[in-house]
Amino acid sequence: VDLPEDIIRDLVARKKKEEGENARWGLGKIDTLSRSEMKAIALEVTQKLHKTPVEQRPVGRAFASPTRPLETFVNNLLVEVIGDGERERNKDGQDRIILEDSRELVGDLEKMMKVWDEEHTKPYPGLWEERVEIETWDVSALYPSLKIQYVIREIDTLLVERIDSRKGEEKKRAEALREIVIPLIIFQLQHQIVYVLSDEREEKEEKIFYWQKEGVGIGNVASGALANGTLLVGERKILKEMKEQGYRVLLYKRYIDDILAIFEHQDGLQKRKGAEMMEKLINGLDSKDGSIKVTSAKGISSMRKREKKTQEESVEYLDVEIVLTGQPEMRLETGIYRKAAAADMYIQANSAHPWALKMGVVKGELIRYLTRCSTEERFEKAWARFRA
C-alpha cells in the first residue's frame, strides 16, 4: 500500500519511550515500524449528520479478538474496583462521578432542585448574586487517544489509593489485587490484536490479523472500564481544586466521554469563568503525554434571581434536555432530547414480530419519558412525537 510520505515518516520516526516509572511492572518499549511491516486496513466512513459542520467517522472491520477472555476478566476486576471507590464516595457524602444512565442523572437534578427550593424560601446573604453555570464537554477520540503509560499510571494510582484506605486483611487483599491487575492490563494493552476475514470464501478464506499499538481498542471489552479508571483519579483532584478556588460544584458527571458539570460562583459578571477553569483542568489531566483533550459543546448560565423577561435556556446531555427556567427564582426542568438527525425508526406495527415485543417498545419509551420528564408539559411533548 502506497501510504503518504508524511504518514510513513510519522510512523517510522516514532521514538522508543523509556520505561521510567513503569519499570517496576516491566512495561516494554514501543517498537518502531518499518514500511515493509505496515498494512492498511479497509475503512468505511459514516456521516455524523447531527454535527455542525457535518463530520465523518472512519469505521474499520473487526471480526474477533483472540484476547477477548482476558479483556473480559480485566473488565470485571476494574468494574468492581471502580464501584468500590464510587460507593465509598457516597458514604462520605460525595456524589458518584461515573454515570450509569440518564435516569440516575435526573434523580440527582431533582435532589439539587429541592435544595434550591429550600434556599429560595430562606435565602442566605449573597444568594441572589450567585451565578449558576451548566456546561457539557466531549472528550475527543477518548479510546484511541489514551496513551498506555498514562492508563497504567492512573489505574495504578487508583489501586494504591484503594490499598491506603484499607486495613488488616482487606489491605493485604487489595495489595494482592494490584499485583495481579497491573501486569494483566499491561499485557492486554500491548497485545491488542483483532482479526478480520478475507474476501475469499470456503477453503481460501483467511484470517487477517491487526495489532493496535497505541490507545485502547474501541471494541475492547475492557475499554470502558479502562477509560473510567484512568480519568477518575484526575477528576477527583479537579473537584477538589475547584472547591479550593471558591466554586461550589453542585454536580459533576461523566458517561464515558461525555461530561456534565453544574457549579455556582459569586462572580456574576463572568458567565463562563468556572467553565473555562474546569476545561483547563480537564485538558491538563495528562500533562505528560496529552491524552485528554475536550471540546466544549454548549453551556448556559443564569443568576439565581432571573429578570422577568429572561428566556428559557437549555443544554443537552445524553437523552436529557436540561432547561433553565423560572422567574424570579431560577428553576431546572428536564425533558427528552432527540438529535436533529434522529429518524424515529421503530418496529412497524404490521411486522411479524410478536405482539408482546411491540408492546415492550411502547412500554419502554413510556417509562423513559415518565422518568426523564419533570413536568407534564414536557412529557406530553415527547409522547406526542412518539405517537406521531
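I began with the length of H2: at 1.5 Å a residue, its 24 residues should span 34 Å, and its end C-alpha atoms are 35 Å apart, which agrees. The expected span is 1.5 Å times one less than the number of residues. Helices (H or I, at least four residues) and strands (E, at least two) are DSSP runs, numbered from the N terminus.

I noted the ground rules. This is a predicted model, where local features need pLDDT of at least 70, side-chain atom pairs count only at pLDDT 80 or more, and totals for chains, interfaces and linings use all residues. Residues are numbered from 1 along each chain as its sequence is written, and side-chain values use heavy atoms, with hydrogens and water left out.

**Entry 1**

I looked just past the end of H2. There, glycine 93 has a positive phi of about 85°.

I then picked leucine 77, which lies in H2. Which residues does leucine 77 contact, leaving aside its neighbours within four places in sequence? I found Leu177 and Val181. Contact means heavy atoms within 4.5 Å. I also checked alanine 222, which is 145 residues away from leucine 77 along the chain. The C-alpha atoms of these two are separated by 9.6 Å.

**Entry 2**

Two packed helices are described by the angle between their axes and the distance between the axes. Axes are lines fitted to C-alpha atoms, for helices over the stretch in contact, and angles run from 0 to 180 degrees between N-to-C directions.

I took H2 (residues 68-91) and H5 (residues 148-164). Their axes come within 11 Å and cross at roughly 55°. H2 and H5 are therefore oblique to each other. The cut-offs are under 35 degrees for roughly parallel, over 145 for roughly antiparallel, 65 to 115 for roughly perpendicular, and oblique for the rest.

The H2 and H5 crossing is left-handed. That term applies if the near helix is turned anticlockwise from the far one by less than a right angle; clockwise is right-handed. From H2, the contact uses Leu78, Val81, Ile82 and Asp84; from H5, it uses Ile155, Leu158, Leu159 and Arg162. I sorted the contact of H2 with H5 by class: 6 nonpolar, no polar and 2 charged residues. Ala, Val, Leu, Ile, Met, Phe, Trp, Tyr, Cys and Pro count as nonpolar, Asp, Glu, Lys and Arg as charged, and the others, Gly among them, as polar.

**Entry 3: H2 against H7**

How do H2 and H7 (residues 223-244) cross? Their axes come within 9 Å, at an angle of roughly 25°. H2 and H7 are therefore roughly parallel. This crossing is left-handed. Residues in the contact include Asn75, Leu78 and Arg89 of H2, and Ala225, Leu232 and Leu239 of H7. By class, the contact of H2 with H7 has 7 nonpolar, 4 polar and 3 charged residues.

**Entry 4: H5 against H6**

I moved on to H5 and H6 (residues 168-190), which pack at about 170° with their axes 9 Å apart. H5 and H6 are therefore roughly antiparallel. Among the contact residues are Ile148, Ile155 and Ile163 of H5, and Lys171, Val181 and Leu189 of H6. The contact of H5 with H6 has 14 nonpolar, no polar and 5 charged residues.

**Entry 5: the three-stranded sheet**

I found an open sheet of 3 strands in the order S10-S11-S12, with antiparallel pairing. Two strands pair if DSSP finds at least two bridges between them. S10 (313-317) and S12 (331-336) are the edge strands, each with a single partner, so one side of each has no neighbour in the sheet. On average, neighbouring strands of this sheet are turned by 25° against each other, direction ignored.

S10 and S11 (residues 320-325) are joined by 5 bridges. Glutamate 313 is opposite leucine 324 in S11, and valine 315 is opposite isoleucine 322 in S11. The S10 and S11 hairpin has 2 residues between its strands. Leucine 318, in the turn, takes a positive phi of about 55°.

I also checked for a helix on this sheet. H3 (residues 102-121) lies across S10, S11 and S12, and runs at about 160° to S12.

**Entry 6: the S6 and S7 hairpin**

S6 (residues 248-255) and S7 (residues 258-265) pair antiparallel over 7 bridges. Arginine 248 faces glutamate 264 in S7 as its opposite residue. The hairpin has 2 residues between the strands, and isoleucine 256 there has a positive phi near 55°.
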